[in-house]
Amino acid sequence: MNFKPLPMDWSKSRTWVGLLQIPFYALLVGLPLFVCNIFQLLGFIFLLPFSAHACRRWNNWVATFWWSSLVLWTRYIHRLKIRRTGDPLPLGKSAIVIGNHVEQPDIPVVLDLAYDSGAIGGLKFFVKNQLRF
């Protein structure tokens, strides 16, 4: 089903407010992401030489923290509600979820689904070559 694009308000005041929000969101999202990447890098430096399993568990924990914070942000700050139908994903099991990637909201839907099934830390994304660019 095709939807009409949302109307854009290009008035000067609205544009400037949007531009002023960019540094705020860059700090709010970018800084914690940078810190999480530093923690992952430290895991590779200090854990991988001794135990690949411990390094994997550490990186899984960091990824769980980061992706879960994004899911909770979309749920409670942006009040995103996702309605799912069909069989639930099995808890503690591996599963393949295929999205059609017609729109950008596919990613929050997959993150929300993985969060509810307890598999968000081990989430992997695969894309076909045409979607990379």
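Predicted model: local features only at pLDDT ≥ 70, side-chain atom pairs only at ≥ 80, totals over all residues.
How many aromatic pairs does the structure hold? The count is 5. One of them joins F24 and Y25. Their ring centres are 5.2 Å apart. The planes stand at 70 degrees, and the pair is edge-to-face.

Now take W61 and F65. How are their rings arranged, stacked or edge-to-face? The planes are at 15 degrees, so this pair is stacked. Centre to centre, the rings of W61 and F65 are 6.1 Å apart. Look at where they sit. Both W61 and F65 belong to helix α2, which covers residues 52–77. They are 4 residues apart, about one turn of that helix. Here is the general point. An α-helix has 3.6 residues a turn, so residues three or four places apart point the same way.

F65 is partly exposed, with a relative accessible area of 48%. The pair also belongs to a wider group. F39, W58, W61 and F65 make up one aromatic cluster.

Next, helix α3. This helix runs over residues 106–116. Which of its residues are buried? They are D106, V110, L111, D112, L113 and A114. What covers them? Helix α2 is part of the cover.

S117 lies in the segment after α3. S117 is buried, because its relative accessibility is 6% and the cut-off is under 20%. What does S117 touch, apart from neighbours within four places in sequence? S117 contacts L89, L91 and G92. Then there is G118, which also follows α3. The phi of G118 is positive, near 75 degrees.

On to charges. Side chains of opposite charge can pair when their charged atoms come close. How many salt bridges does the structure hold? There are 4. Let me walk you through some of them.

Start with R75 and D112. Their side chains meet in a salt bridge, at 2.7 Å from N to O. R75 is in helix α2 and D112 is in helix α3, so this pair ties together parts that are 37 residues apart in sequence. Is D112 buried or exposed? D112 is buried, at 6% relative accessible area.

R75 has another partner. The side chain of D116 meets R75 in a salt bridge, at 2.6 Å from N to O. This pair, too, links distant parts of the chain: D116 is in α3, R75 is in α2, and they are 41 residues apart. D116 is partly exposed, with a relative accessible area of 38%.

R84 forms a salt bridge with D112, and the closest N and O atoms are 2.7 Å apart. R84 sits in the loop between α2 and α3, and D112 in helix α3 is 28 residues away. R84 is partly exposed, at 37% relative accessible area.

R75, R84, D112 and D116 are linked in a network of salt bridges.

Last item: cysteines. C36 is buried, at 6% relative accessibility. C55 is buried too, at 3%. How many disulfides are there? The count is 0. A disulfide would need a pair of cysteine sulfur atoms within 2.5 Å.

That's my tour. Questions, please.

Key
Residues numbered from 1 in each chain as written. Heavy atoms only, no water. Phe/Tyr/Trp six-rings, centres within 6.5 Å; stacked < 30°, edge-to-face > 60°. Helix = DSSP H or I, 4+ residues; strand = E, 2+ residues; numbered from the N terminus. Buried < 20%, exposed > 50% of the residue type's maximum accessible area, 1.4 Å probe, protein only. Contact = heavy atoms within 4.5 Å.
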